[in-house]
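User: Please examine the structure shown below and answer a series of questions on its helix packing, its strand pairing and its backbone geometry.

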Amino acid sequence: MLAKTYGSAVFGVDATIITIEVNVGQGLGFFMVGLADSAVKESQQRVEASLKYFGYKMPRQKLVVNLAPADIRKEGSAYDLPIALCTLYTSEQLTCERSLEDYIILGELSLDGILRPIKGVLPIAIEARKQGFKGLILPAENAHEAAIVNNIDVIPVETLPDAIAFFEGKLNIDPVKVDTRDLFFATQNEYDADFEHVQGQENIKRALEIAAAGGHNAIMIGPPGSGKTMLAKRIPGILPPLSLPEALETTKIHSVAGKLGKRATLVSRRPFRAPHHSISDVALVGGGSYPQPGEISLAHNGVLFLDELPEFKRSVLEVMRQPLEERKVTISRAKMAVEFPANFMLIASMNPCPCGYYNHPEKQCVCGPGMVQKYLNKISGPLLDRIDLHVEVTPVSFDQIASTRKSESSAEIRERVIRARQKQTERFKDKKEIYSNAMMTPEMVKEICVIQEAGKALLRKAMERLGLSARAYDRILKVSRTIADLADSDEIKVEHLAEAIQYRSLDRENWAG
């Protein structure tokens, strides 16, 4: 006798429907086919223990479990519940009032039959609705996450007997409903850190406002304790709010990585990821035997903050170059290639030298000759080339710290950023996958960032007198276009160029003396 139901496997941030077939026939033994990994094969022991715990019998005949398509690798423990239900049905211990084939069934069984949560439920729910399934049967802890997707029944079950009683028609379980839009918009503007609590540092706030308005990457250079990390943590609060499609894509990535909590709903705020400098290449960009998203994908549509940039291993920083350019990361294996989105804003910070006090207005730098340049050389030119703004951070004076004057709030800055982004949305409406000034190609820079003769003269003089490198030219034009957008100006004026030029500190040939 044959029983059939459906589960799902997640590859990247998308799900594939898996058919689960169980057949009991003549002979002895338990056989699982369909390219299952160790965690899936071990389900035999979990299923058998769970069935016996509640007084059911594991068939003592030949039991074949097939996971189709057979050429796709299956991993994890989410197949326990569907295998258990199909085993009961095919051995005539379960009489179904509701069809097993109408639902996608997911869940890991403990030895006492309690269902444990699994990863990647959101993309599975999206695929289930697309394929026209009636609903999902899944652990209660995953129900809120799956209920983000509407027009499909999300049936939460706590134990194996609950699932059995549901299919036998002895137990009615109300589908979980979540008002996604209300929850999303209610928490969209809640941020723990606000710029109004930062005294002084007005020039740094201005630079970060420009970075947020144009989607520019930025690096802050300054001595220890000057406020670099504190300022970086406040950047998500001035970025434009997430749109619903952006929120859904971000939530899918966090779902696949298992980063959503018990009562998970849509990620409503832009992510802020700050990995430690000891992070490995794989942890940063993603990968592993069964590819999982890394920190750059978890920062998708948000901010990736790399504190003390020169302390990161060079190989870790170099693998970030391509994702910074392409806004996605592709992880290739012998039998498959998985793509994760990685459209993030890179904010980095660093000390100007090993001791931290080079160019400090009061303290003396104790680094030996050449040590400053050697420290800066830990960051490669190609990576620095992808960072538009270089901002020098100076310590805050006592008078500024003790001041009771209220600073501008993140909400006020955010309003200006949103207006600038709206201008860019209109500008790039015909350009596919380009929606901010930072993403412009060199050809687009020539077409869009047109400057007058006075501007050209200023830029020529700056490059000659300050020793700016050639790569600074395009970056200055992009940043000046963003400054013009913030000023609601259609053309790039001389003052916009002048402000953009000061944000290229590390390109000056004499910066490290």
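**Helix packing, strand pairing and backbone**

User: At roughly what angle do the axes of α20 and α22 cross, and which term describes α20 relative to α22?

Analyst: In this predicted model, helix α20 (residues 453-465) and helix α22 (residues 494-501) have axes that come within 9 Å and cross at roughly 20°. Angles under 35 degrees count as roughly parallel. The term for α20 relative to α22 is therefore roughly parallel.

User: What is the handedness of the crossing of α20 and α22, and how many nonpolar, polar and charged residues does the contact have?

Analyst: The crossing of α20 and α22 is right-handed. From α20, the contact takes Ala454, Gly455, Leu458, Leu459 and Ala462, and from α22 it takes Val494, Leu497, Ala498 and Ile501. Gly counts as polar. By class, the contact of α20 with α22 has no charged residues, one polar residue and eight nonpolar residues.

User: In what order do the five strands of the open sheet lie, and which are the edge strands?

Analyst: The five strands of the open sheet are paired in parallel, in the order β11-β14-β17-β10-β18. An edge strand pairs on one side only, which applies to β11 (272-273) and β18 (389-392).

User: Which residue of β14 is the bridge partner of Phe272?

Analyst: Strand β14 (residues 303-306) pairs with β11 in the parallel sense, over two bridges. Within β14, the residue bridged to Phe272 is Val303.

User: Which strands does helix α8 touch, and what angle does its direction make with that of β18?

Analyst: Helix α8 (residues 202-214) packs on the sheet, where it touches β10 (218-221), β17 (345-350) and β18. The direction of α8 makes an angle with that of β18 of about 165°.

User: How far apart are the closest N and O atoms of the salt bridge between Glu209 and Arg206?

Analyst: The whole structure holds 25 salt bridges. Glu209 and Arg206 lie three residues apart in helix α8, so about one helical turn separates them. The closest N and O atoms in the salt bridge of Glu209 with Arg206 are separated by 3.9 Å.

User: How are α8 and α21 oriented to each other, and how do the residues of their contact divide by class?

Analyst: The axes of α8 and helix α21 (residues 472-486) come within 9 Å and cross at roughly 95°, and the two helices are therefore roughly perpendicular to each other. Arg206, Glu209, Ile210, Ala213 and Gly214 in α8 meet Val479, Thr482, Ile483 and Leu486 in α21. The residues of this contact divide into two charged, two polar and five nonpolar.

User: At about what angle do α2 and α3 pack, and which term describes α2 relative to α3?

Analyst: Helix α2 (residues 43-53) packs with helix α3 (residues 80-90) at an angle of about 55°, their axes being 10 Å apart. The crossing of α2 and α3 is right-handed. The angle makes the term for α2 relative to α3 oblique.

User: Which residues of α2 and α3 make the contact, and how do they divide by class?

Analyst: The residues on the α2 side are Ser43, Arg46, Val47 and Leu51, and those on the α3 side are Asp80, Ile83, Ala84, Thr87 and Leu88. By class, the contact of α2 with α3 comprises two charged, two polar and five nonpolar residues.

User: Which two residues does a cis peptide bond join?

Analyst: Most peptide bonds are trans. Pro69 is found in the loop between β4 (62-68) and α3. With omega about 0°, the cis bond joins Ala68 and Pro69.

User: What is the phi of Asn301?

Analyst: Asn301 lies in the loop between α12 (295-298) and β14. Most residues other than glycine have a negative phi. For Asn301, phi is positive, near 65°.

Note on methods
Residues numbered from 1 in each chain as written. Predicted model: local features only at pLDDT ≥ 70, side-chain atom pairs only at ≥ 80, totals over all residues. Heavy atoms only, no water. Axes fitted to C-alpha atoms, helices over the stretch in contact; angles between N-to-C directions. Helix = DSSP H or I, 4+ residues; strand = E, 2+ residues; numbered from the N terminus. Parallel < 35°, antiparallel > 145°, perpendicular 65-115°, else oblique. Left-handed = near helix turned anticlockwise from the far one by under 90°. Contact = heavy atoms within 4.5 Å. Pairing = 2+ DSSP bridges. Salt bridge = Lys/Arg side-chain N within 4 Å of Asp/Glu carboxyl O.
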